[in-house]
Amino acid sequence: MSRPGFVLSVDAQTPPLVVFQGERVLLQRLPSGASVLYPPDALPGIHQLDAEISQALANPIDSEPLTALLRRGSRVTVVFDDLSQPSTSRAAPDVRQRVIEHVLELAAAAGVDDVELIAATGLRRRLTPYDLQRVLGERVFASFFPEHLHSHDAEDGNLIEVGTAEDGTPIEINARVVSSDLVISVRLATAVGNEGAPAVATKLASARTARALTSPLAAAAGASAFESLVDTIGDTATVFTIDVTLTPEPTGPTTAFLSKREREWNITDRVLSAGIQVATKVLPSRAKLGLSQISGVGFGVTSVLAGKPSSVHPLTESFLAQQQVGEVDSPADVALFGIPNPNGFGTALNPVTAASLGLGQIFNGQAAKPVVRAGGTAIFYHPLTPWFHPLYHPAYVDFFAEALSATTDPAALSADFEGKFAADTWFRHLYQTSYAHHALHPFHAWYSAAPAIEHLGEIIFVGGNLESTRRMGFKAATTLNDALEMASDSVGLSPSITYVHGAPVSISEVS
Amino acid sequence: MSVPSRQAVRLLVNPVVRGREYLSELPGPFIFVANHPSDVDAPLLSQVLAGVVPRLVSVSAAPQAGIRASAVKSLGLRSARTLTAMLDHGVSLLLFPENRRADDGTLTEFNAGAARLGIQTGVQIVPVTLVGTYRALPPWRHLPETSRPKVSVIFGRPIQAVPGSEPSAVTDQIVKAISLGLAEATTGWYGALRAEAEGVLDKAAGQTQGGGESSARWRRIWKATAPDKSQRRTVWVK
């Protein structure tokens, strides 16, 4: 058990606190009386990962060992998490590679020739060959790419209906997965709310199914539709899951101090902090992006569990809950969040993604309950620069320019724009043949933020681009004092303030 | 012929390393057992293992005659006692247990010394396959070719010899692991694993090498030094 999280009350002696703002790291002095919510320290990573993986595969939960499930001549599909989960190491192999190599060694020994590896991308972009090689390593890549190693395609005609949701929506799943004898799912999770649904099928569904189940107009709740597809998919496919949990923040010598409590900083931490301050002031923006990327060294692996998905998922969830902050006494009037650029992505966050990520913290954050009361104010630190990745975000550009400037209401967006985007052949072409996110991806990101927008009275971005914040229906402030001044209309002149320290827990969910 | 130094190796060849992560998580020391196609092998491995193993002593084939042979024999430098003492002090060993070096760099018969040492001391044995070092530095050359040829260093999963087990069985295990690495070069990683499971590993591994004992010597050397096509620079992206 690691050191638990705690709540600090800011007083005159409290040093300025670390606040992430895009590629910058600020040192912000908070008003006296504010509370600071520190997450628990990360658990130490597993040192002997190979032994841990072998042990998990040999002693799975509520399932036969993997060696018994793999039979000569069977049809096996390995499904793994894409870059929506962080890569665990920069220099050493990624944990997905480590697990999949173990699985494939067992499969080869059992006499399995028909193996296919599919990245569970959902509506996110396909992985480039470079991405695949980085995630799975050269050995697996060279053995299977391109015929037997690829990303899921939600627009492909090769999808099979395996059932219907309550409202009659057909549930279409990747045909290869449905026709397999054994589906081995390799999943990563960094924190509660980040481990995804128990069913692997949610990330392998067709765009039509995903659209119908995620739409704000649909009556059916998305997750319940997949309930019957947790342990088996279709008639033949049994699912064997391998859940790997990671430390919530990257661990490494250079930036470990950013998640430390400021009062405990030693002289090296202070020097590093001063260095980062200077570097972010002096360097041009592209170089600053690079700075944020070298800073994260890797995520430590804290547990490996394997077995039947419906039995493993609750265990993973409860294990991750240990890493969460305990109960918040009472929700505050104002909550403060810093939003960094996720490292390892090679891009800045676009404004829609940054907003949905930040707002996602209200309900799925480090605390079990929202840290801000209904009708309260949330203050985020992010520049919201209206910049979109030319390759990954073509649909976001139109969503931001056309759809959001017309309305920010999810129901109206769904009724007026979603159909047009979903039917757009150019976006579909880019999704299937280039590396663009699906045209529905920005809509789903926005819908995920909708409950938080509903919950909050005011949303203010410190240092936010004026045009972007206005378009999304938020407000921009230059400093924290300005933001508190703006919030005083709704929360009064002396509101209770909670600052959630550190990076958002599900920083990687947005890819 | 002089053996190139570690620094020279760093400049002259381009190593591709696989399986090093198996070692970084385990406490040392280890007994590394490798095939020995070329003189570049020992410095290459000590270069590759620099960050993983703090101290490494490589033990090459014993000189057969001359002053060095008698010195080695009288001082007992290669005796099991000396090697065990080194392992006790946390020094990892790199052994090349082939009885003789083949003139075309292929795998020859292994002696059971390494396996015996592993059984006796309980230290983990790490099989290492070196691919492409013969091509990079064949016996008639003094320096590798100037294009920084690619060489593969493939570490197998460590083998823990159980006390009392048969040295020949452990040696077979080591040879199998090294052949698996050799097969990886032709059939790919998964192909090699499948070949191992089907019991056709020797055939798959043999393709990388000179083409079997039966062919003429020149043909074996010809094949072993054939240029690596994957290394050729191309203008067009394939």
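The structure is a predicted model, in which local features need pLDDT of at least 70, side-chain atom pairs count only at pLDDT 80 or more, and totals for chains, interfaces and linings use all residues. Residues are numbered from 1 along each chain as its sequence is written, while chains are lettered from A and ligands numbered from 1 in the order in which they are written.

**Interface of chains A and B**

- On chain A, 16 residues are in contact with 12 residues of chain B; contact requires C-beta atoms, placed from the backbone, to lie within 7 Å.
- Helix 1 (49–58), helix 3 (95–110) and helix 4 (129–144) of chain A each give two or more residues to the side that touches chain B. Helices (H or I, at least four residues) and strands (E, at least two) are DSSP runs, numbered from the N terminus.
- That side of chain A has eight nonpolar, four polar and four charged residues. Ala, Val, Leu, Ile, Met, Phe, Trp, Tyr, Cys and Pro count as nonpolar, Asp, Glu, Lys and Arg as charged, and the others, Gly among them, as polar.

**Helix 3 of chain A against helix 8 of chain B**

- Two packed helices are described by the angle and the distance between their axes.
- The axes of helix 3 of chain A and helix 8 (residues 167–198) of chain B cross at roughly 40° and come within 7 Å. Axes are lines fitted to C-alpha atoms, for helices over the stretch in contact, with angles from 0 to 180 degrees between N-to-C directions.
- The two helices are therefore oblique to each other (under 35 degrees is roughly parallel, over 145 roughly antiparallel, 65 to 115 roughly perpendicular, and the rest oblique).

**Backbone features of chain A**

- Most residues other than glycine have a negative phi, and most peptide bonds are trans.
- The peptide bond from Phe145(A) to Pro146(A) is cis, with omega near -5°; Pro146(A) is in the loop between helix 4 and strand 7 (149–151).
- Asp62(A), in the loop between helix 1 and helix 2 (66–69), has a positive phi near 50°.
- Asp62(A) counts as exposed, with 11 C-beta neighbours inside 10 Å (20 or more other C-beta atoms within 10 Å is buried, 12 or fewer exposed, in between partly exposed).
- Leu384(A) also has a positive phi near 50° and is placed in the loop between strand 15 (372–381) and helix 11 (394–406).
- Leu384(A) is buried, with 27 other C-beta atoms within 10 Å.

Conventions
Two residues are in contact if their C-beta atoms, placed from the backbone, lie within 7 Å.
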